[in-house]
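Keep the viewer open and follow along.

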2 protein chains.
Amino acid sequence: MKFGGTSVADLERIRRVARLVAAEQAAGHKVAVVVSAMAGKTNELVAWTDGAGPAAQGLPASDDEYDVVVASGEQVTAGLLAMTLRNMGLPARSWMGWQIPIVADDAHGKARIDDIPPEKLGAAMDSGEIAVIAGFQGVTRDGRIATLGRGGSDTSAVAIAAAVGGACDIYTDVDGVYTTDPRIESRARKLPKISYEEMLEMASLGAKVLQTRSVELAMAYGVPVRVLSSFVEPGEAPGQGTIVCDEEEIVEKRIVSGVAYSRDEAKISLFGLPDHPGVSSTIFGALADANVNVDMIVQSHARVADTANMEFTVGKRDAQRAVDIVQSMKGEVGFEDVRLNDDVAKVSVIGVGMRSHTGVAKAMFEALAAKGVNIQVISTSEIKISVLIDAAYTELAVRALHAAYGLDQL
Amino acid sequence: MKFGGTSVADLERIRRVARLVAAEQAAGHKVAVVVSAMAGKTNELVAWTDGAGPAAQGLPASDDEYDVVVASGEQVTAGLLAMTLRNMGLPARSWMGWQIPIVADDAHGKARIDDIPPEKLGAAMDSGEIAVIAGFQGVTRDGRIATLGRGGSDTSAVAIAAAVGGACDIYTDVDGVYTTDPRIESRARKLPKISYEEMLEMASLGAKVLQTRSVELAMAYGVPVRVLSSFVEPGEAPGQGTIVCDEEEIVEKRIVSGVAYSRDEAKISLFGLPDHPGVSSTIFGALADANVNVDMIVQSHARVADTANMEFTVGKRDAQRAVDIVQSMKGEVGFEDVRLNDDVAKVSVIGVGMRSHTGVAKAMFEALAAKGVNIQVISTSEIKISVLIDAAYTELAVRALHAAYGLDQL
């Protein structure tokens, strides 16, 4: 069971979580609970690191000490939930990442889990003790705290489930996965099931229900995942939520399952690049070395002979740094100009049905054109199409696409 | 160097601390810095544990999970100070109790440090790196977080200094040790030097400058300790503070060095105890088993033949629990009645000169009598005299004694 920040935002909600945990144990299950920091706490901690750390000088704030600070939020919740469970007469103890251990690499701020030896945790759970685990954190091989990135507690939960051989219920403030964000489109519908692949695309394209990495892990290890609401009254069951599973387990397949969007985008445009091999690898190699994730990339010939233009997108947080890195290579690479536009959004349609149906892209472009939405960049995969548009058109585009694929008719 | 909660209360103050640390390193010292939680944070965390934990049912809140929660405050400060130092271009890293490790026993909530292997910390400091250490916390031999009690960061600092063979500067919000609390007696004077023994008594009798255990450790390992203010402007030196040292190093000895007081007292009175051997050991054995510290004890014969009355004091926090424990032994012990009075305070005079001078007690009782202060319980040691009085008379008594021993004339 995993509970996010809003589900453990105060002591009353932690008691509600404790009741859900108790019910699960009473149903005969061995239970491990992964908790996030109390809502707002991580933001408070991150704000302090912004004030104290290298970010004050425009350098990345995500280092080993950043992790020391922000990992403390989950520690607090884990201790409080363990106390609350004990207070209800249930055996429980908290586990920090370094105690299990949840072994992670040293990409501080967005570390990946390398290994979770199941022995200690499994023995505790076998003894009937509820394991309350601080999410979002691991420990590097040289004993430093490492955090797993925003939403990392989802990944902690799936990885724990994989390690001890269990299923993973992600409790959150919504009661499942929706066809799109209900705050934008009130006719969004809850999906009873969604495939790992679709969930993976939805997560990586901006749907905030699950962290991308957690879905990758669930898919790789075949961990059954369920997304459901923690906001139930005492005695009430938490509903069925949405099951994330193998595509084969889904009987009624749809061509498009959802529309996702992300405003955390920035577009960097390079003009007048020399048109010869190696330019791209120089630029993107340098960005990769600096831990900047590049998403969409398009390259086109410029009007000037033997030069090209290139556009790519990065997360807003990395945007200025990416520009600085590119700028510093101006002599080496020899381009003419670099520009940043962070007033953009990415809107995507996702569905495994795209594999077998044509015309999905055409319908998308038509629907957007009908609303006068200009497409700046396009990228596609086997089961999704993403477009970069002016941020002001985000909601309009989401609603147009939701209707175009009949998602409100489910 | 150790910095308390008010010295690291916000990012601006953490920067001030970083400048003091930088100056110390620039002066050629290897530096380890022990930090407390940001002012107010520990109280916030303790309040949450009170709401979540056994304390809600009148049981002690100090257990292993309590420690998990409250230890997080120091983790935050350690990370933030390390980031701040790096931001100033200085090599620094944070150390949690479990990373060094600071090995502690499992008396959670008031654990004692058993061992600090100096190898890892020493190697880091030898390399020129500033070690920023989360105070107040250690790790038990079975890998759980244990906290050292209120003021435990002082003990962390002295223990670290002992482990790596250094001196210990305790930076706080006052600029040294005073003859008494300046908030009560404006004529209180700063002491240039004070002996370990006197500091120990002052600390254990209510002066909040240093944790008792830290002074014991300093005395046992001969760690030179200095108390000084962290509230200095950029570029300003932090003054001389008060040096805590061996009695032999103090040339000008005073009969009485200070007047301390504590309002954290509760008096428990037992009436009609059977007057035979073993009664005291039964009662105080049970209290010790429950981790209740008993301070002053007096026993007197009652008017009823073959019975005795007994009074003892405990900390306010433990008072009701102590009464419950005593009450539960009523059948076994056979006393008539137990009463609790927590409207009392302890006022003490301390001075190594008492060893060689008589009349100190007489002067104390005369000074209190002259102000109409009734003495309920008296206890003495070689270098201090304490009296328990009605709490309402605390300030009056402190000022009367401060004047009676000429401490305002220093």
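## Around β20 of chain A

β18(A) and β20(A) pair in the antiparallel sense over seven bridges, where a pair of strands needs at least two DSSP bridges between them. β19(A) and β20(A) make a hairpin with two residues between them.

Because six of its seven residues are buried, β20(A) is largely enclosed by the rest of the structure. A residue counts as buried when 20 or more other C-beta atoms lie within 10 Å of its own, as exposed at 12 or fewer, and as partly exposed in between, with C-beta atoms placed from the backbone.

## How to read the model

This is a predicted model, in which local features need pLDDT of at least 70 and side-chain atom pairs count only at pLDDT 80 or more, while totals for chains, interfaces and linings use all residues. Residues are numbered from 1 along each chain as its sequence is written, and chains are lettered from A and ligands numbered from 1 in the order in which they are written.

## Helix α13 of chain A

Which residues of helix α13 (residues 394–404) of chain A are buried? They are Thr394(A), Ala397(A), Val398(A), Arg399(A), Ala400(A), Leu401(A) and His402(A). Their cover includes β15 (258–274), β18 (337–350), α12 (360–370) and β20 (384–390) of chain A; contact means C-beta atoms, placed from the backbone, within 7 Å. After α13(A) comes Gly406(A), with a positive phi near 65°.

## Two domains in chain A

Chain A is divided into domain 1 (2–248) and domain 2 (259–409), with bounds from an automatic or database domain assignment. Their C-alpha centres lie 30 Å apart. The contact between them takes 18 residues from domain 1 of chain A and 20 residues from domain 2 of chain A. On the domain 1 side, helix α7 (residues 196–204) of chain A gives the most, with four residues. By class, that side has six nonpolar, five polar and seven charged residues. Here Ala, Val, Leu, Ile, Met, Phe, Trp, Tyr, Cys and Pro are nonpolar, Asp, Glu, Lys and Arg are charged, and the others, Gly among them, are polar.

## The eight-stranded sheet of chain A

An open sheet of eight strands with mixed pairing runs in the order β3-β6-β2-β1-β9-β13-β14-β12 (chain A). Its edge strands are β3 (92–95) and β12 (193–195) of chain A, each pairing on one side only. Within the sheet, β13 (residues 225–229) and β14 (residues 242–245) of chain A are antiparallel and joined by three bridges, and Arg226(A) has Ile243(A) as its bridge partner in β14(A).

## The chain interface

The contact between the chains takes 29 residues from chain B and 30 residues from chain A. On the chain B side, α1 (11–26), α2 (41–52), α3 (64–70) and α4 (72–87) each supply at least two residues. The largest share, 11 residues, comes from α4(B). By class, this side of chain B has 15 nonpolar, 12 polar and two charged residues.

## A buried loop residue in chain B

Where does Val256(B) lie? Val256(B) is in the loop between β12 (242–245) and β13 (258–274) of chain B. Val256(B) counts as buried because it has 26 C-beta neighbours inside 10 Å. Beyond residues up to four places away in sequence, Val256(B) touches Val349(B), Ile350(B), Gly351(B), Gly353(B), Val360(B), Tyr405(B) and Leu407(B).

Key. Two residues are in contact if their C-beta atoms, placed from the backbone, lie within 7 Å.
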